[in-house]
Amino acid sequence: MYYLIKETLTVVNKEQIKNKDAQFVAVLTTAEWETEMDSFDMVIDMEPDFSDIHTTKAEVNYDSLTGTFFIPDRNHLSLKSKKFAFALDEKGIVFIDDSGAATAIIEAVTKCKKWRMPSLERFLYDFLEQIVKRDRDLLERYDEELDAMEIAIVTEKDELTSERVNEIRSEIRDLRVHYEQLIDFSQELEENENNFFKHDNLRYFRLFSNRIDRLRDTTVAISDHAAQLRDIYQSHLDIKQNRIMTVLTIVTTIFMPLTLIAGWYGMNFKYMPELESGWGYPITIIVSILIVLGSLLFFKKKKWL
């Protein structure tokens, strides 16, 4: 697919992108790029290996800017990622993409953006904005989920699943790394080492970098929240275990004298007077009850119950 950056992205054919009055956007497969790269006059020899793409980055070349995009799938952050490469100069940008991810982003830009002052810089800004368009809502959902977990722990309404907390921390870590790469990417564009961009339009890259910086700070806060939640849960478990140990200790303490009495009178010595007494059995019951009640009153006074 070929586009010209006019008031909006306009679909054109291959020959029309050579129009010097407008910059272009092209989306090619790897096979198409290998056969057509020379026609873009970017003086590069790039054959992207999509299995080797693991970062979002930009690299300055003598007469071009090349790089890759590695975009985690917001629906499956730990499982899927969108990968494609690009090359650009002052005339326009070419995306090399076999997955359709770049095309989907460009179509979203085409549907919702109309420019008074069209430029490659503004297109890149809107392209990057589409990548993180719904991330604020995504991070808010993570925060709300952690808040719900914290309330469940405090009120003991539900058991916390530590596996879910670990999943959230892992996904947030992936997002934070992604944001850090996007910050480096936008700063590389803003550096404008080859003077591909107009000086006045570099503000777009600063705006994007500032927005991503705030998103990254949010991921750090959510990661800290998840770590605190694990500490709260562990403290809650310790409290529950202490309660159980307290109950077991109280029960053991109460039955120790009763066990002594049972063992003492279970010896059946011949001259034990209580064995012959008619009051021996009732007295033993009464003494046992008094021991239990006395122990309970003692523990209550000490606030162990």
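**A buried serine, an enclosed strand and the spaces between**

At 9% relative accessibility, Ser209 counts as buried, since the cut-off for that class is under 20%. This residue of the predicted model belongs to helix α6, which spans residues 203-265.

Five of its five residues are buried, so β7 is largely enclosed by the rest of the structure. In a regular strand, side chains alternate between the two faces of the sheet. Here, both faces of β7 are covered: Gly92, Val94 and Ile96 are buried on one side, and Ile93 and Phe95 are buried on the other.

The pairing of β7 can be followed strand by strand. With β3 (residues 24-28), β7 pairs in the parallel sense over five bridges, and Leu28 has Ile96 as its bridge partner in β7. With β6 (residues 81-89), the pairing is antiparallel, again over five bridges; here Phe86 finds its β7 bridge partner in Phe95. The link from β6 to β7 is a hairpin through two residues.

The largest pocket holds about 450 Å³ of space. Its lining comprises 18 residues, of which Arg74, Lys82, Gln130, Ile131 and Arg134 are the closest to the centre. Strand β5 (65-72) and the helices α2 (101-112), α3 (120-131) and α4 (135-155) each contribute at least two residues to this lining. By class, the lining of the largest pocket divides into eight nonpolar, two polar and eight charged residues.

The lining of the second largest pocket contains four nonpolar, three polar and six charged residues.

Finally, there is one cavity of 30 Å³ or more in the structure. The largest cavity has a volume of about 60 Å³, and its lining is made up of Val60, Leu65, Glu188, Leu189, Asn192, Glu193, Asn194, Asn195, Phe196 and Phe197. Five of these lining residues are nonpolar, three are polar and two are charged.

Conventions
Residues are numbered from 1 along each chain as its sequence is written. This is a predicted model: local features need pLDDT of at least 70, side-chain atom pairs count only at pLDDT 80 or more; totals for chains, interfaces and linings use all residues. Side-chain values use heavy atoms; hydrogens and water are left out. On a 1 Å grid over the protein atoms alone, a cavity is a set of points where a 1.4 Å probe fits but cannot get out, and a pocket is an open set with protein on both sides within 12 Å along at least five of seven lines; lining residues have an atom within 4 Å of a point. Grid points are joined across faces, edges and corners, and a volume is the space filled by probe spheres set on the points. Helices (H or I, at least four residues) and strands (E, at least two) are DSSP runs, numbered from the N terminus. Ala, Val, Leu, Ile, Met, Phe, Trp, Tyr, Cys and Pro count as nonpolar, Asp, Glu, Lys and Arg as charged, and the others, Gly among them, as polar. Buried means under 20% relative accessible area, exposed over 50%, partly exposed in between (1.4 Å probe, protein chains only). Two strands pair if DSSP finds at least two bridges between them.
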